[in-house]
Amino acid sequence: MRVVKVLNNSLILALNDEGQEIILMGKGIGYNKAIGAHLDKKDIEKVFILKDREISKNMMRLVVDTDSIYFEIAKMVIDYALDTYQMGLVDHIYLALTDHLAFAAQRMKNGIQFQNFYTLDMKRFNPNEFDVGEYALKLMKEKAGVELPQDEVGNIAFHFITAQQRNPYSGKMTLINEVVADILDIVKYNFRLIYDEDSIAYSRFVTHLRLFVQRLISDQLLPSEKQEMLYEQIISSLAVEYECVKKIEIYLHGRFKTALTNQEIMYLTIHIHRILEERGEGSENLSR
């Protein structure tokens, strides 16, 4: 195997012995590597074969926007889940978890904190995934110097529930995909958008929507934000995006007879803002 491009300290684009493009993951694997250099197999921890174009495309754009430390932490957390609980995980967890950790860290640095769905029910019914979430918080503090709130354990655990090849939502994927597509259409037509499907904001929005719909159909919506001032600040600052979320809420209430909590409304509002922000549109800027 030889190096085609160093993506960051943890990721390399390479060619294998059959001439296939692959992405290699390993701690420090990209450090001081020149194009064309041959790689030692002992330095490689994970191989992504680029026959799955969707994963590779998302990986490439995530690399541009994300510090390599979050790839390394995500890999360590996933290894912990595999070694400790023998979870059968789909490869997309590497992207989803890296993105989640980086975004959570950025929110903390910007002083934006949400009460997430860390619940006693999840700890009781999904103790393995809950333990993985607690391990992730420990590593974030030790390796990145970011102390995430305990409420983040639930969100991280949910990533591992949905990433398992045999998860409770596997039989509901048609419904999930349909509702996600409908919400994307509501946003698209409301703002007359043409989505940039290669953008990091779009990728994050779709990931958020999939998790959101899974919570919706399993009656596990995030609880209402206790800090009413924060909620009021966001919806007043992002009024244009919030008006679109109200249309989404009408659609979901008509379909599922379920009202959204204010925390779910905040997340949807912020993600829509990020889509518009990339186009130079939307309400006043809100830090990531």
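Me: How much of the protein is buried?
Reply: Buried residues are 51% of the 288 in the protein. Buried means under 20% relative accessible area, exposed over 50%, and partly exposed in between, with a 1.4 Å probe and protein chains only. This is a predicted model, where local features need pLDDT of at least 70, side-chain atom pairs count only at pLDDT 80 or more, and totals for chains, interfaces and linings use all residues. Residues are numbered from 1 along each chain as its sequence is written, and side-chain values use heavy atoms, leaving out hydrogens and water.

Me: How many helices and strands?
Reply: The protein has 11 helices and four strands. Helices (H or I, at least four residues) and strands (E, at least two) are DSSP runs, numbered from the N terminus.

Me: What share of the contacts join residues at least 24 apart?
Reply: 71%, among contacts between residues at least 6 apart in sequence. Contact means heavy atoms within 4.5 Å.

Me: Strands next. How do strand 1 and strand 2 run?
Reply: Antiparallel, with five bridges joining strand 1 (residues 2–8) to strand 2. Two strands pair if DSSP finds at least two bridges between them. A hairpin links strand 1 to strand 2 through two residues. Arg2 sits opposite Leu15 in strand 2.

Me: Which way do the residues of strand 2 point?
Reply: Leu11, Leu13 and Leu15 point one way, Ile12 and Ala14 the other way, and all are buried. Strand 2 is thus listed as mostly covered, with five of its five residues buried.

Me: And what joins strand 2 to strand 3?
Reply: Five bridges join strand 2 (residues 11–15) to strand 3, and the two run antiparallel. Ala14 stands opposite Ile22 in strand 3, and Leu11 stands opposite Met25.

Me: How many residues of strand 3 are buried?
Reply: Four of the five in strand 3 (residues 21–25), which is mostly covered.

Me: How many bridges pair strand 3 with strand 4?
Reply: Four, in the antiparallel sense, with strand 4 at residues 46–49. Leu24 is opposite Val47 there.

Me: Switching to helices. What angle do helix 10 and helix 11 pack at?
Reply: About 125°, with their axes 9 Å apart. Helix 10 spans residues 239–256 and helix 11 spans residues 262–278. Axes are lines fitted to C-alpha atoms, for helices over the stretch in contact, and angles run from 0 to 180 degrees between N-to-C directions.

Me: Why call helix 10 and helix 11 oblique?
Reply: Angles under 35 degrees count as roughly parallel, over 145 as roughly antiparallel, 65 to 115 as roughly perpendicular and the rest as oblique. Helix 10 and helix 11 are therefore oblique to each other.

Me: Which residues of helix 10 and helix 11 meet?
Reply: Glu241, Tyr242, Cys244, Val245, Ile248 and Glu249 in helix 10 meet Ile265, Leu268, Thr269, Ile272, His273 and Leu276 in helix 11. By class, that contact has eight nonpolar, two polar and two charged residues. Ala, Val, Leu, Ile, Met, Phe, Trp, Tyr, Cys and Pro count as nonpolar, Asp, Glu, Lys and Arg as charged, and the others, Gly among them, as polar.

Me: How does helix 9 pack with helix 11?
Reply: Helix 9 (residues 228–237) packs on helix 11 at about 35°, with axes 10 Å apart.
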